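Have the structure open while you read.

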Amino acid sequence: MSALQGIRVLDLSTGPVGGVATTVLADFGADVVKVEPPDGDRFRSLAASPFWLRGKRSITLDLNAVDERPTLARLIDAADVLVVSGPPARAQAWGVDADRLAVSHPALVHCQITAWGGKGPLANAPGSDALVAARSGRMRTFGRQLPGEAPGYSALPVANHACAMGAVQGVLAALLGRERTGRGDRVETSLLQGLLPYDLTELLLVQLLDRGAIDLPDPSAGDMPTLNYHPVRAQDGRWIQCGNLMEHLFYAFLDAIDLLGELMTDERFQGNPASWEPANLEEARDRILLRVAERPAAEWMERFRENGNVAAEPFLTAQEALEHPDLRANHEIVSIADPVLGPIRQVGPIARLSLTPGTADRPAPAPGADADAILRDWSPRPGAPAHAAAPTIPGQPLAGMIVADFSTIIAGPLATSMLADLGARVVKVEPTTGDPSRHIIPGGGLALRMNAGKESIAVDLKSPEGQAIIHDLLVRADVVLHNFRPGVPEKLGVGFEACRDANPDVIWVAVQGYGLEGPDAGRPATHPVVGAAMGGVTLQAAAALTAPCDGIDALREASRQIMRANEANPDPNTSSVTAAAVLLAAFARARGAGGQRIDVSMLVANAWANADDFLSYEGKPARFEPDSELRGLAPGYRLYPAREGWVMLALTGEKEWERFAAVAGTDSRDTEALAVSLAGDSAEAWEARLLAAGVPCVRADGPGPGRFWQSDPQVAANAFAPSTTHARFGEMQRWGPIVRVGGSPERYGAAPLCGDSTEALLREWGHGDGEIASLRERRVVASEPVDPA
């Protein structure tokens, strides 16, 4: 059985964002019909189009032609889901906007993917991953990669990835609601929302800074990586990324490179490296860099694998990552025979579902190849009467779903926060000392991001009493999610069998680094090592990975640049995939499949995030790579200095070049000539003039991410950073959802303090006051005080 068997998806989107979203739906059994112009989707020219067109059928229609509208109307009559991308004005011009179709087709799930959101001054402006990254401050962040004050091009299109996965989440959540009510719903997501998961702390920090609760960072502290998350260069010039966040993993790394004894017998290097004196820390850094330079990368990786507790991976390109031994061992790479291109190797479905698995085995269709069959097969759906159930609560299609969240740090917790944003009741189970994310950044800022909208119970899972308490949650939970290494859930009483015994319909989710069956299945994985392994960091780091490193100073600077390229995106990349996988299983369960096991691999999730290059076929064009100055990919797609500030120009078609020439007064397509032209006015003036003419160009050196989310008019118009009330910080803005279904709820929840729902949950599960007091006294359960002092 396929999770989406019998679901018909009408895909009116253009390009890879909607294409990737509907590819997920097709992989899990939906009949996806792509509607494209007579000469095909203009983005078919992209090297990755065989990936995001796979498994679909194609019909060609000119949606701007009135005489084609009856055929479009017939297809809409037969569809369960309609996906449309681009500015709201486009959907309105085609007659397929949500307002209109909600009246004529009340059972239809309508998914609108925009660049900037459906409201505000930029609602109908041209947009792309690069444009939203530039305007939202993301490229300012990458500007720190190289010396100087210029922004840096953000090479990995993470907004595309998260927006596509948000669309999948929204469509599935709306379909779940329709199972209960018979009514469809509107799903809204945007590239701008797709960037929300990648701001892990900045929105919070600027608010705390405004209140005087924190100080500006000390610039004298430098910009070097932590020792835990350090790139190191081996004797053969190959770089290895370390990701040993936890102290015991860092010590395992030191042991593997034969430095543990040297450092630990020296009183200067006792305790957590974060507590070492600056001079001592720098000495340790140099000793680590020089030690790793003594042996080739393959020899170090053999040692790390033998140790079993070292998180480390060599830097690979996406093409090299296709051969990663764990992807191969877990059968995550599939080969699809394309009638034109021949065999195409590419990443398979986003996750493993044990009862309703996905399948990727059908190639991309030629434009219009399936028109006759589609018109024959797609008979109109009968009007679906609304059920007796109450309508879905606005913005909360998952109301009633209970999620038990045992995951830690980022990838798992952020996934469950996405489910909370859609209305699920998420109970975070954490140790009595709190999730480690509460201690990584002063004030627990990371935990505020990861746990928005949840309740928290702090309990000692290593004790029999703690496990008995959690059993009360397991019998109620629809979803149990964790990111423990293999074997740990069973020791803590939350393994698949134990959870299924407690609730046979449970959806049990394991979020792990390498998958189940590969040689590294038991090794730790953190976001920097996954980013290195799947090609994204190699793309962003550009020349730093190949620069000569003669001497320790050069080694230090190269490692700094590489780590600035290796931001935390692999965790949010995994989170958005995980939430989508949960909802695939939830929809299958709603249709009678029962509970099942889901295995999410960080490698697979990040292969999807690298979808623009994670496929291989004869004659495939090479991946577009940023230049050594991190300005961009091509003369029409790069950063330029203006008279004041910087702009991001993102021209992808002939019409856009023509419009640019008309405004800028030059028809040159040479980088130097374009630079001269754009230096003639300010970045703000160029943005205003060019956007008004439909030319994709925005200012790229505006506020950083925190200030942008806090106060940008486009963000405010779409309520992408809504207000909430936190127990410690009071009224504050929080990060909004990456997708909305049926509008917004009255209020989005804040993140909990550690264990702030412990007593309420225990009472709900039948424990009396005396028993709760005893449990507290013996530290079986705990709660964090509101006032940390």
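Below you'll find some ground rules, then the whole chain, then two close-ups.

This is a predicted model, where local features need pLDDT of at least 70, side-chain atom pairs count only at pLDDT 80 or more, and totals for chains, interfaces and linings use all residues. Residues are numbered from 1 along each chain as its sequence is written, and side-chain values use heavy atoms, leaving out hydrogens and water.

**The whole chain**
- You get 35 helices and 27 strands here; these are DSSP runs numbered from the N terminus (helices: H or I, at least four residues; strands: E, at least two).
- Along its principal axes, the C-alpha trace spans about 80 × 70 × 55 Å.

**Two helices crossing**
- Helix α18 (residues 411-421) and helix α27 (residues 570-590) have axes that come within 8 Å and cross at roughly 50 degrees; axes are lines fitted to C-alpha atoms over the stretch in contact, with angles from 0 to 180 degrees between N-to-C directions.

- Three strands form an open sheet in the order β10-β11-β19, with antiparallel pairing (a pair needs at least two DSSP bridges).
- The edge strands, β10 (333-338) and β19 (615-616), each pair on one side only.
- Two bridges link β11 (residues 342-347) to β19, and Q346 has L615 as its bridge partner in β19.
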